[in-house]
Amino acid sequence: MTALDPNTHQEKKMNELTTLERRGMAAISTADGNMLIVAGDQRNGMKAVMKDATDGPGSITVEQLADAKADLVRYLGNHAPAILLDPEVALPKIVDDGVLSRNTALVVGMDASGFEETDGLRYTRFVDGVTPRVVRDLGGDVAKMLFYMRPEQQGVDSRVAEEIRDLVKACSAEGLLLIVEILTYQLEGESDEAYKAGFGKIIADSTRISVECGAKVLKLPYPGSAEACKAVTEAAQGVPWAVLSAGVDHETFIEQVRIAVANGARGAMAGRSLWKDSMAVSAETREDLLTNRALPRLRELKEAVDA
């Protein structure tokens, strides 16, 4: 949806960025103007792939996980326009220790691990004490918050819609660009077949609701097909969206990104598809795998994003 600006007689995009938000958008984008972010905010998910731990992933300490995240930034994230990190394990240490490159923007994830469930619907929680001001204090250029949504049961007057509105306003008041991430899930009693069949529409409807609530940048699951991507782009009404990797293998994600970008997506935000088989407790192993396995994938992803 666009509107005619009476002062300039030019089309005005939905949920236009402020000047400061434009700087944030530029910081997380390639030279060609497309979003490219390495996601490293996972906590339990990152532990789970560090399978060389002597006593299993559950034995990995906070200090070991922090060291792994630092290497993820050092050998992979610093080669991307931006890195997404968490304020529980990674920050502020990675910034204070000088690991993060001056040329790589910092996106701070505000969402805590897990979710709460009320009346069969999922809701994410903020990391304790993390506000838009704290994101700035941690050195963040951009904020990210995850919201779960089932649009058949949660419209523009729902709790999740109000949470999106409130955070968009709070971040805007701080001069901070907010990336709204949407994840969906199966409802109790919903079959795998029904969920899969309706997935594209669920993503498109979630997109529409998020935009109506003021979202200015979206991080979304791949909706399933070229046609579904077109529907999401239409629902976004000019608001840029990037596709997330959701843990699929790299080859699958590259193809998803190519299809999404060809049908209106403005970039990609990739985590496990890049590094899930390159993380280890051993620092030497991490350096080797991140440099020789994950980094070539990032370069290939950049080509797909800028195609």
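**Exercise 1. Compare the radius of gyration of the protein with that of a compact globule of 307 residues.**

Solution. The model is predicted. Start from the chain length: 307 residues. For that length, a compact globule would have a radius of gyration near 19 Å. The protein has 19 Å, so the value agrees with the globule rule. Next, take the extents along the principal axes: the C-alpha atoms fill a box of roughly 60 × 50 × 40 Å.

**Exercise 2. State what share of the residues is buried, and what share of the contacts is made by residues 24 or more positions apart.**

Solution. Begin with burial. A residue counts as buried under 20% relative accessible area. Buried residues come to 54% of the 307. Now turn to the contacts with a separation of 6 or more. Of these, 68% join residues 24 or more positions apart. The secondary structure behind these numbers consists of 11 helices and 12 strands.

**Exercise 3. Describe how helix α9 packs against helix α11.**

Solution. Step one: locate the helices. α9 covers residues 250–262, and α11 covers residues 283–305.

The angle is about 15°, and the axes lie 9 Å apart. Angles under 35 degrees count as roughly parallel, so α9 is roughly parallel to α11. The crossing is right-handed.

Step three: list the contact residues. α9 contributes His-250, Phe-253, Ile-254, Val-257, Arg-258 and Val-261. α11 contributes Arg-297, Glu-300, Leu-301, Ala-304 and Val-305.

Step four: sort the residues of this contact by class. Seven are nonpolar, one is polar and three are charged.

Methods. Residues are numbered from 1 along each chain as its sequence is written. This is a predicted model: local features need pLDDT of at least 70, side-chain atom pairs count only at pLDDT 80 or more; totals for chains, interfaces and linings use all residues. Side-chain values use heavy atoms; hydrogens and water are left out. Axes are lines fitted to C-alpha atoms, for helices over the stretch in contact, and angles run from 0 to 180 degrees between N-to-C directions. Helices (H or I, at least four residues) and strands (E, at least two) are DSSP runs, numbered from the N terminus. Angles under 35 degrees count as roughly parallel, over 145 as roughly antiparallel, 65 to 115 as roughly perpendicular and the rest as oblique. A crossing is left-handed if the near helix is turned anticlockwise from the far one by less than a right angle, and right-handed if clockwise. Contact means heavy atoms within 4.5 Å. Ala, Val, Leu, Ile, Met, Phe, Trp, Tyr, Cys and Pro count as nonpolar, Asp, Glu, Lys and Arg as charged, and the others, Gly among them, as polar. The radius of gyration is taken over C-alpha atoms; the globule rule is 2.2 Å times the number of residues to the power 0.38. Buried means under 20% relative accessible area, exposed over 50%, partly exposed in between (1.4 Å probe, protein chains only).
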